[in-house]
Amino acid sequence: MQNYWGIDLGGTKIEGVILSAPSPDAVIIRKRIDTEAHKGYDHIMAQIVRLINMLQAETGLKPDRIGFATPGTFDPTRQTMKNCNTTALNGRPMKQDLARLLGVPVAVANDANCFALAESTMGIVPDVVPNFQTVFGVIMGTGVGGGVVIRGRDGVPFVLNGLQGIGGEWGHNILEENGPPCYCGKRGCNEQVISGPALQRYYQQISGEERTMQEIMDRYQEGSDLVASQTVNRLLEYFGRAVSVIINILDPDAIVLGGGVGNVDLLYTEGVERAKKYVFNSREINTRFLKPKLGDSAGVFGAALL
Ligand SMILES: [Zn+2]
């Protein structure tokens, strides 16, 4: 019997899962330990080995291969990690180190790709568009990321990693000319315009008041806060523009919107309406915009599916 082993490597926790089948109901075991990232790269590797030993000891199972969801990207040219906010991983040959330490083949993909793969294979997409060809998964939360999933000729969905390992990296497309500066060195990236923190900053700059995204949404609904309306309008307009790029290039069957901002109901109605102005085929947009089903589990399930 084939089992699916997945590890979600986060900045604070490392989570491991074994699935007996690609289904959220097929969890054999699930376990988390602290990453303790401040202790450095070798310690993070040791923590991963420790977690896998625990999974083996408790189930008596052994992996044939293991998939990893990582906070950044594996660069296939240099064979090292890049763009990780757990910075101890950057520049390190994590994939080879893990394969050597664990004695099995490993696959790695960033967390947005794992999210897209999990939702496409065992989340909301099979419920709504079972015969999809292409899915774009978006995470709009603290950061903004994305992943492309394509159904292979064998019928099995896979992640499009791309030549440089940045396939689907939608968060750093430039959305607002001369917009807020980004840590990536550019200005006005998607992440600096439509992420939760970016919208909160925008609200604060105009109103002088610090509010959470939820508070801003509530105040918008009440209709009494002009700055909240401006902020929500900024979100919808730029969301429409950002999404039109995805549709013009991939024209996917479905776009799954994850992350805290992805929860905003208006994106699915007014946000899509705004995209019409920018999409090449402007008459109507038949793309399905879907709320994810797997919640926080998408990362670790997607890793297992790699
Ligand atoms: Zn950027």
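**The metal site and a sheet**

Me: Why does Cys184 count as partly exposed?
Reply: Cys184 has 33% relative accessibility, so it counts as partly exposed (buried means under 20% relative accessible area, exposed over 50%, and partly exposed in between, with a 1.4 Å probe and protein chains only). The model is predicted, so local features need pLDDT of at least 70 and side-chain atom pairs pLDDT 80 or more, while totals for chains, interfaces and linings use all residues. Residues are numbered from 1 along each chain as its sequence is written, and side-chain values use heavy atoms, with hydrogens and water left out.

Me: And Cys182, buried or exposed?
Reply: Cys182 counts as buried, because its relative accessibility is 9%.

Me: Which residues are the protein donors of the zinc ion?
Reply: They are His172 through ND1, and Cys182, Cys184 and Cys189 through SG, lying 2.0 to 2.4 Å from the zinc ion (donors are N, O and S atoms within 2.8 Å of the metal, or 3.2 Å for Na, K and Ca). Along the sequence, their spacing reads H-x9-C-x1-C-x4-C.

Me: What arrangement do the 4 donor atoms make?
Reply: The arrangement is tetrahedral, because the angles they subtend run from 102 to 114° (the label needs four donors with all angles between 85 and 135 degrees).

Me: New topic: what is the strand order in the open sheet?
Reply: The 5 strands run β10-β9-β8-β11-β12, with mixed pairing (strands are DSSP runs of E, at least two residues, numbered from the N terminus, and two pair if DSSP finds at least two bridges between them). At the edges are β10 (157-159) and β12 (288-290), each pairing on one side only.

Me: How do β9 and β10 pair?
Reply: Strand β9, residues 144-151, pairs with β10 in the antiparallel sense over 3 bridges, and the bridge partner of Arg151 in β10 is Pro157.

Definitions and conventions: Helix = DSSP H or I, 4+ residues; strand = E, 2+ residues; numbered from the N terminus. Tetrahedral: all angles 85-135°; square planar, octahedral: opposite > 155°, others 65-115°.
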